[in-house]
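Here's a quick briefing on a multi-chain model, written for someone who likes cut-offs spelled out. Have a look at the sequence and the coordinates first.

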Amino acid sequence: MVSETDNLLVSLKDVRFAYGEREILRGVNLKVPRGKVVAIMGGSGCGKTTLLRLIGGQLRATAGTVEVAGRNVSSLNTAELYEMRRRMGMLFQFGALFTDMSVFDNVAFPLREHTDLPFGLIRDMVLMKLNAVGLRGAADLMPAELSGGMARRVALARAIALDPMLIMYDEPFAGLDPISLGVIGQLIRKLNDALGATTIMVTHDIMESLQIVDYIYFVSEGGIVAEGTPDELRASKDPWVYQFIHAEPDGPVPFHYPAEALDESLIGGSAA
Amino acid sequence: MRRTTLDLWVGFFVIIGMAALIFLAFKVGNLGASNGGETYVVNGQFDNIGGLKVRAPVKSAGVVVGRVKEIRFDPKTYRAVVSLSLDASYQFPRDTIATILTSGLLGEQYVGLEPGGDEAMLQTGDALQITQSAVVLEKLIGQFMFDKAAEGSAPAN
Amino acid sequence: MNGLLNFIRRLGATAVEGVWRIGFAARFFVLLLRHSGQSLTRIHLTVREIYFSGVLSLLIIMVSGLFVGMVLGLQGYETLQRYGSGDALGVLVSLSLTRELGPVVAGLLFASRAGLAVTAEIGLMKTTEQLDAMDMMAVNPIARVVAPRFWGGVISMPLLAALFSAMGVLGGWLIGVVFIGVDNGAFWSQMQAAVDFRFDIMNGVIKSFVFGATVALIAVFEGYDCTPTAEGLSRAITRTVVTSALAILALDFVLTSLMFRGQS
């Protein structure tokens, strides 16, 4: 299935995607080598999450190919897609824990659904995963009793329950305090290396990302506008990258949503 | 909630739901009564069935012994053919008389059976030889008024 | 003129969307049936939903049934005794309950108690990406979440309707026999003579089964189909209650005319 020489786990070629008339992605090329942590960055609403869903097969590209482990995702049928997803873990933006189950049951969920392991073994595996994120003591709590950072870590334990080859994170840092943020950042890096997995992370937190990732893609206006290792990007003179890294309010990414000129709409408004 | 507690509640729920169904079937409905047992069907021809309906009771000496199964119109004799489904535990002589009666003045109509003296008993498919039609109230009133009018006009002559 | 055109245009758009949704719901129903295997093989998933839609609706169903029966007893006796047939109270109460009120009122209560909860739960799971997360874990949300809730509703509803009718008959008996003083024997014997098991009671059970399946389908569909925002969720919940109520009343008319037409 996968040739040993092929070192790419995920590769997107000329991927286009549109929700109805609204085109989100206009030809994206992206490569994720095995064993690396790759970040996809960009402003809000630029199609980062859509990229993750394309890789996970929840959405199908309008044009172009999405390949994961050498297989074209859009050519898989449902059974093959589910087979592939068993080797993927995904962390959703706010964790998406099952609110009617305890922390323990949440982490045990993929194991129970996909394996026939005896209870004792499942318990040991769940506690090990929870230990890896430092929450073994919280196994009996309900999701409603957790803080945002803890919920994110439980979701992370759940995502790695089946020891996936690919872990995807959708905004893992959104809405976290600086301490939780650092904890999650370190976990992402450590888990990737410990599991021998590959990580794709969608985020707009530049500072944290620069410290932990191997490679960064910048997405804007439906395409990749810049890419490179953290060191390359820090030294970059590209105005787009500069604006993003130094958090300037205006620049290539405009402050204003496209509109007619201000005085025109004001005068036009009073006349009408 | 532990799974055993949950199972217990659901079991309890199913049991009282079933109990309600059984209550409806036997206490409210007629499942415990004659219905559901062995039956045999006999036919009777009537000039006029009045307001008789399918499933109306068939009574003998006031006891329900069966139900009206079907009502047809026979285009050859221009009479109504009523099929009665009778409980197999009640046997009636062949010359039994069937009458369409009304319970109370305005109540529902039912078929009354009056046993004759024949040795042979009715079998499935037999026809009742002697029948009496329903009393139609409009006709009765019409008759009464006509008689009154005739009485009233007689002395004048 | 312009207003009229706009009105017609809106009407057209609404009609197209309505037809589209019905088609979508039909496809969803087929998908649901195809993925129902797990609800049977892992029966505890369905048992759990019977608990939520059935057991938790017990109290409201039983209390409402009792009161409806008591009102029927009171009102029915008032009317019947004018014609000197107070003894037929049992017939009136039991026939109206088993044929119509039991399935219909229990169905309406079921829609607003259990149906609403199912829509809210599935809708919230969608809004918080729990369904997506499940899908990404290679677990089909229709098989794991939707189908057990549907079958739980389908199983619960006939039992609830039977309970409603039984409680109603008891309520009618309480008012008629215990408080007003209708003869106990006449109450039950007239009732048994008039109520036919197959014709009246089984048809009532069939009705409640159809209503249960309808409400359960509407509830899971609206939850699964809701726009994943707070506003979309609240609109989905409202639609569940409104559509269920309309569907129950319309279907009741259709079923009644099929079952009881031209007969006593």
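This is a predicted model: local features need pLDDT of at least 70, side-chain atom pairs count only at pLDDT 80 or more; totals for chains, interfaces and linings use all residues.

Residues are numbered from 1 along each chain as its sequence is written, chains are lettered from A and ligands numbered from 1 in the order in which they are written, and side-chain values use heavy atoms, with hydrogens and water left out.

**Who touches whom**

- There are 2 pairs of chains in contact, and chains B and C share the most contacts (a contact means heavy atoms within 4.5 Å).
- Chain A and chain B have no contact joining them, and their closest C-alpha atoms are 10 Å apart.

**Chain B against chain C**

- This contact draws on 28 residues of chain B and 34 residues of chain C.
- About 2,700 Å² is buried between chain B and chain C, with carbon and sulfur atoms accounting for 75% of it; buried area is the accessible area (1.4 Å probe) that two parts lose on being put together, summed over both.
- Phe13(B), Val28(B) and Arg55(B) provide 25% of the area that chain B buries against chain C, more than any other three residues.
- What is the count of salt bridges between chain B and chain C? The count is 0, where a salt bridge is a side-chain nitrogen of Lys or Arg within 4 Å of a carboxyl oxygen of Asp or Glu.
- Polar contacts across chain B and chain C come to 1 residue pair, with both residues at pLDDT 80 or more. For the record, a polar contact is a pair of N or O atoms within 3.5 Å; within protein, one must be able to donate a hydrogen and the other to accept it, and residues adjacent in sequence count only if both atoms are side-chain atoms.
- Helix H1 (residues 3–28) of chain B brings the largest share of the side of chain B that touches chain C, at 19 residues. Helices here are DSSP runs (H or I, at least four residues), as are strands (E, at least two), numbered from the N terminus.
- Sorted by class, that side of chain B holds 17 nonpolar, 5 polar and 6 charged residues. Ala, Val, Leu, Ile, Met, Phe, Trp, Tyr, Cys and Pro count as nonpolar, Asp, Glu, Lys and Arg as charged, and the others, Gly among them, as polar.

**Chain A against chain C**

- Here the contact involves 22 residues from chain A and 20 residues from chain C.
- The buried area between chain A and chain C is about 1,800 Å², and carbon and sulfur atoms give 55% of that.
- Tyr82(A), Phe98(A) and Glu113(A) make up 28% of what chain A buries against chain C, more than any other three residues.
- Chain A and chain C have 6 salt bridges between them, and Arg48(C) and Asp100(A) meet in a salt bridge through their side chains (3.1 Å, N to O).
- The polar contacts between chain A and chain C number 12 residue pairs, both residues at pLDDT 80 or more.
- On the side of chain A that touches chain C, H3(A) gives the most, with 4 residues.
- That side of chain A splits into 11 nonpolar, 5 polar and 6 charged residues.

**Confidence in chain A**

- Chain A has a mean pLDDT of 82, with 90% of its residues at 70 or more; pLDDT is the predictor's confidence in each residue, from 0 to 100.
- Residues 1–5 of chain A have pLDDT below 50, and this stretch has 4 contacts in the model beyond near neighbours in sequence.

**Chain C on its own**

- Chain C has 10 helices and 0 strands.
- Its C-alpha atoms fill a box of roughly 65 × 60 × 30 Å along the principal axes.
- Of the 264 residues in chain C, 52% are buried (buried is under 20% relative accessible area, exposed over 50%, partly exposed in between, with a 1.4 Å probe and protein chains only).
- Among the contacts in chain C with a separation of 6 or more, 83% join residues 24 or more positions apart.

- Met167(C) sits in helix H7 (residues 141–180) of chain C and counts as buried because its relative accessible area is 17%. Leaving aside neighbours within four places in sequence, Met167(C) contacts Met62(C), Gly65(C) and Leu66(C).
- Thr99(B), in strand S5 (residues 97–102) of chain B, is buried at 11% relative accessibility.
- Ala247(A) is in the loop between helix H9 (239–245) and helix H10 (262–271) of chain A, and is exposed at 62%.
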